[in-house]
Amino acid sequence: MPQIMEKPTENSDEDRVSIKSTGMFGTFRESIRRVAEKSPLPLGKGTKVTPKAGTDDGQPGIKPPSSPSLSAGSPVTSPVKDEEGDATSQKNKGVQRSNTVTNMTRVGESLMKRGQSIRRSLQGKGKEGNKGKDKPPRPDPLGAISEGQVEEKKEEVEEEEVCEEVEETYILPELPHTPLSVMQISKLIELEVLEEAHLNLLALRQEFKQEQERFSEDSPMELAKKEKDLSLLYRDLRSKVSTIVRDSNSLPSRNSGLLVPVARIIQEEERRAEEPGGLPDSWMEAWREAVCEGVKVKVEGVHLERSEQSTSWLAVHLGLLGKAIVEDLENVRKQLRWSYPPSFKVFSSYVKSYHRVVGEHLKKLEVQVTEVKDLYALLDWIINRYKSDRIMGSLSLQPDMEDESSDLHLEDDFLKQLKEKYCLRMKEDLRLSLDRLIELENEEFWSHKRTPEKEDHFLNSQIDMDIWTKVKGNILLTGQIDAHLEQRVISSCLEELKQFPKRFDAEFRRLCSALRPQPLWTEYHITYINSFTALQRHMESYQAACPLEVEGFKREVKWLTVRLTDDLGDQFKEDVKPYLRRMMTRKWLTNDDDFKELHRRTELLSQHCALMRPPHAKEFASVLHYHVVKEYIGQLMKNNYSCKNRKHERAARKIRGQWDQLIDLFEEMNSSHDWLHHVGDDLSNILTQKNKSDIKNQLQPLVEHYPDFSKKHLVAVLYFRGMMRGREHQLTLQKLSELKKKQGGAVCDRNQVLFSDMQVTVNTDCLSNLPFSCLSFLLPDN
């Protein structure tokens with residue numbers, strides 16, 4: 001029957017515990033309680049020392065502890081001084097540590113002083129509680145308390161709030177000479193009487209070592225059985241230690257008292273790692289894993305809603321996670337670490353565990369994140385918030401964090417992949433937003449034929465501001481995370497915007513084609529010319545960051561604005577085509593209706609152009625100006641009418657009058673083609689000449705202003721003048737040839753070409769182009 005052997009004391013009968021191998025559990029719990037009461041307790045944080053008389057070492061009032069006690073500066077020796085000594089020497093002599101009695105006495109006196117201080121404090125509180133009552137105050141058994149004593153009491157209370165660090169060195173209690181049975185040790189572990197369980201395990205391990213040295217060849221089966229028992233018990237002890245460590249930050253009130261013996265067990269097992277009978281792997285590493293498991297429990301316990309339940313599910317979770325991290329590390333810093341020796345580096349271990357566990361937790365969260373706002377929240381939390389003063393940089397964790405890294409432990413390329421996912425989602429989100437803007441334009445304007453709004457006297461849509469606000473908001477928010485990521489987002493947004501003008505053009509044509517050629521159709525075109533031009537100016541602010549992408553977007557906007565402008569121009573040309581075709585005809589000479597309609601329609605478009613922002617208004621007005629001049633003058637080149645019987649004078653006056661109106665109109669439109677103003681007057685001067693011989697003297701201004709004016713154009717003008725043949729006809733053509741030759745064949749400015757773009761109708765009259773010598777015999781003088 002195994003027994004727990006104790007040194008003789010005054011109550012040795014009560015101290016003896018007998019436990020039978022069968023049927024022992026009825027009285028086992030009470031036996032364990034008595035064993036725990038009689039066995040020494042660890043002198044760590046919160047340990048009480050009970051004075052006893054009759055100790056073997058001759059030091060009354062102090063009993064050697066059964067689990068680690070603190071002795072700063074004392075060397076740590078092996079648990080048994082001489083493992084090969086006989087049983088008698090082990091029974092009468094414990095493990096020695098330097099300055100053991102002195103340190104023990106000092107600890108006892110300190111605890112006694114604390115007890116007196118607490119007692120005085122409690123009595124003081126009792127007196128305060130009687131204030132205002134009729135009963136006389138209870139007399140203070142310690143005497144009246146002066147003000148100085150009150151101050152001393154306050155200082156003592158403050159000192160109690162300062163936690164004392166567990167010393168690195170300790171005294172291992174004497175091992176039991178006869179260890180408990182395997183079942184008894186197992187029960188001690190189960191009931192968390194870890195000091196006694198570990199001491200008995202060490203004694204059992206010592207027996208195994210001695211038997212292994214003596215009987216390794218004679219009793220292999222018994223040694224194997226004992227080794228298996230040791231392994232099972234150690235694994236149970238390791239499991240219990242890991243559970244306590246894991247739950248120590250979740251259940252501090254339950255487990256804090258167990259951490260000191262847990263730490264001493266780990267220390268002792270680390271020192272005995274090379275001895276037979278223990279576990280092969282590191283106890284300290286197991287402790288770190290248990291710490292990590294406890295952190296994982298904390299992290300996984302943070303409230304997390306599903307994305308279907310709340311749109312801000314991730315932001316809320318990350319906020320709660322940061323708060324839980326800070327609170328837990330504050331608890332470790334203020335309370336938990338004082339239950340361990342300094343070598344454990346408790347705070348650092350918890351910080352590293354959080355880096356690792358939170359990194360793994362974020363990896364799991366990333367799979368669930370699909371929206372831009374959640375990706376942003378995740379990136380911002382990883383890059384900025386985790387290291388900020390809200391979490392790892394919190395003032396409440398200083399100065400312990402000064403030597404600690406504040407970086408998360410993330411998998412390789414995790415952050416890179418997260419950024420790529422963010423940019424991709426940002427691009428997709430922008431695309432959806434742009435498509436939605438087209439739908440809104442249709443719902444608010446096109447489908448209801450609503451007139452566009454004006455801003456600063458220009459037609460304008462809010463589409464450019466909506467796009468700019470969306471893009472700028474994305475970029476500004478991303479810039480708060482990371483400068484490099486900001487540039488990547490700018491590039492992504494511009495790449496997506498580059499595709500937008502063509503999509504917009506296709507939808508605009510599909511949905512607004514029925515409005516053509518109403519004035520509203522024209523206003524819509526001008527509106528979007530203005531809007532996309534404004535959007536281009538906004539995006540040019542990112543020229544320095546992404547020059548290639550900005551240039552690509554500008555090309556697409558230019559394509560769209562030119563396309564919209566060409567639509568307006570083509571529509572105008574189609575509208576005025578019938579009126580221009582009737583210029584320089586018999587009806588035109590006697591009726592102003594066609595010109596008036598031409599003027600009215602041009603003036604209406606001029607009013608619309610006034611609603612177009614520069615520079616497009618000026619460019620468009622110049623295009624219209626050129627077209628009207630070319631088509632108006634071009635009618636002279638078609639040989640549709642010949643002014644006979646002095647009608648050429650009336651035609652010249654009409655051309656000059658109408659020309660003045662056109663000049664005024666296009667000047668109001670700010671056309672840049674003022675070089676076109678001369679052609680009307682130059683041709684009028686030719687047509688108005690009464691004498692045919694004077695015509696050739698009016699050619700020089702026309703040739704100077706328009707070097708592309710050629711012989712075929714002059715023949716057409718002379719035909720309209722009624723001068724289709726004859727000597728003066730030929731002399732006029734010769735004069736043109738001389739002027740052109742004198743001009744030296746100078747190449748005209750391609751930006752100022754007029755007559756070369758005019759179609760000239762060939763005169764089929766066979767006599768019109770005969771040389772003068774062939775016709776001289778027909779003259780009256782011959």
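Contact means heavy atoms within 4.5 Å. The model is predicted: local features need pLDDT of at least 70, side-chain atom pairs count only at pLDDT 80 or more, and totals for chains, interfaces and linings use all residues. Residues are numbered from 1 along each chain as its sequence is written, and side-chain values use heavy atoms, without hydrogens and water.

**View 1. Asn 530 in helix α17 (residues 519-539).** Helices are DSSP runs (H or I, at least four residues), numbered from the N terminus. Asn 530 has 0% relative accessibility, so it counts as buried (under 20% relative accessible area, 1.4 Å probe, protein chains only). Beyond its neighbours within four places in sequence, Asn 530 is in contact with Phe 458, Leu 459, Asn 460, Leu 611, Met 612 and Arg 613. A polar atom of its side chain lies 2.7 Å from the backbone oxygen of Leu 459. The Asn 530 side chain also reaches the backbone oxygen of Leu 611, at 3.0 Å.

**View 2. Tyr 632 in the largest nonpolar core.** A nonpolar core is a set of buried Ala, Val, Leu, Ile, Met, Phe, Trp, Tyr and Cys residues joined through side-chain atoms within 4.5 Å. Helix α14 (residues 414-446) gives the largest share, eleven residues. Beyond four places in sequence, the contacts of Tyr 632 include Leu 580, Trp 588, Phe 595 and Trp 659.

**View 3. Cys 546, in no disulfide.** A disulfide is a pair of cysteine sulfur atoms within 2.5 Å. The whole structure has zero. For Cys 546, the nearest cysteine sulfur is that of Cys 493, 9.6 Å away. Cys 546 counts as buried, at 4% relative accessibility.

How values were computed. Buried < 20%, exposed > 50% of the residue type's maximum accessible area, 1.4 Å probe, protein only. Helix = DSSP H or I, 4+ residues; strand = E, 2+ residues; numbered from the N terminus. Polar contact = N/O pair within 3.5 Å; in protein donor to acceptor, adjacent residues only side chain to side chain.
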